[in-house]
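Visitor: Please take a close look at one part with me: the charged side chains that pair up, and then what surrounds them. I would like one connected account, with the cut-offs stated as you go.

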Amino acid sequence: MVKATINKEHYACSVTNGSHEIVVDEPLELGGTHQGFAPKGLLMASLASCVAITLRMYADRKGWEIDKIEVEVNVGSENNQLLFLEEIVCTGPLTREQKDRLEDIAQKCPVSKILAAGNEIRSKVL
């Protein structure tokens, strides 16, 4: 469960999962107060961090020596379809085969699976 609460301040939302709290906001140029990630940026952050964590878990299980994993996510479109573009940099002595395997594993992270599935969203105003 995640809950977002917004009051009258434009457009800072308090978001909590019951244990942690973050602020999500819009940038100044969109009328926000720029106190935190914009919603779209937070979505990209979720994908980037999920990929990084998934790759770290996989590399650790395989015993691959990777000092650092950096995942940059951008959003674009291709053929009128939303496209998430990931650039992944792994610092360490990896072979081309290992890098190819990590590309496959990146698409298996839970957030990647959710975004790729085209899930339905149902809203109900109470």
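Guide: Let's start with E70, which is partly exposed at a relative accessible area of 42%; that label covers values between buried (under 20%) and exposed (over 50%), with a 1.4 Å probe and protein chains only. Do keep in mind that this is a predicted model, where local features need pLDDT of at least 70 and side-chain atom pairs count only at pLDDT 80 or more, while totals for chains, interfaces and linings use all residues. Residues are numbered from 1 along each chain as its sequence is written, and side-chain values use heavy atoms, leaving out hydrogens and water.

The partner of E70 is K68, and their side chains meet in a salt bridge with an N to O distance of 3.9 Å. The term requires a side-chain nitrogen of Lys or Arg within 4 Å of a carboxyl oxygen of Asp or Glu. K68 is also partly exposed, with a relative accessible area of 43%. The structure holds four salt bridges, and another two of them involve R96.

R96 pairs with D100, their closest N and O atoms lying 3.0 Å apart. Both residues belong to helix α2 (residues 96-106), where they sit four residues apart, about one turn of the helix. Helices here are DSSP runs of H or I with at least four residues, strands are runs of E with at least two, and both are numbered from the N terminus. D100 is partly exposed, at 35% relative accessible area. R96 also forms a salt bridge with E103, with the closest N and O atoms 3.6 Å apart, and E103 counts as partly exposed at 47% relative accessibility. Through these shared partners, R96, D100 and E103 join into one network.

Now for the nonpolar side. The largest nonpolar core has 20 residues, among which V51, L55, I66, I69, V71 and L102 touch the most other members; such a core is a set of buried Ala, Val, Leu, Ile, Met, Phe, Trp, Tyr and Cys residues joined through side-chain atoms within 4.5 Å. At least two residues of this core come from each of α1 (39-62), β4 (68-78) and α2. The largest share, nine residues, is supplied by α1. Leaving aside residues up to four places away in sequence, I69 touches A52, L55, R56, I88, V89 and C90, a touch being a contact with heavy atoms within 4.5 Å.

Stepping back, the protein chain has three helices and five strands, in the order β-β-β-α-β-β-α-α along the sequence. The radius of gyration is 18 Å, well over the 14 Å that the globule rule gives for 126 residues, so the chain is more spread out than a compact globule; the radius is taken over C-alpha atoms, and the rule is 2.2 Å times the number of residues to the power 0.38. The C-alpha trace spans about 55 × 35 × 30 Å along its principal axes, and 25% of the 126 residues count as buried.
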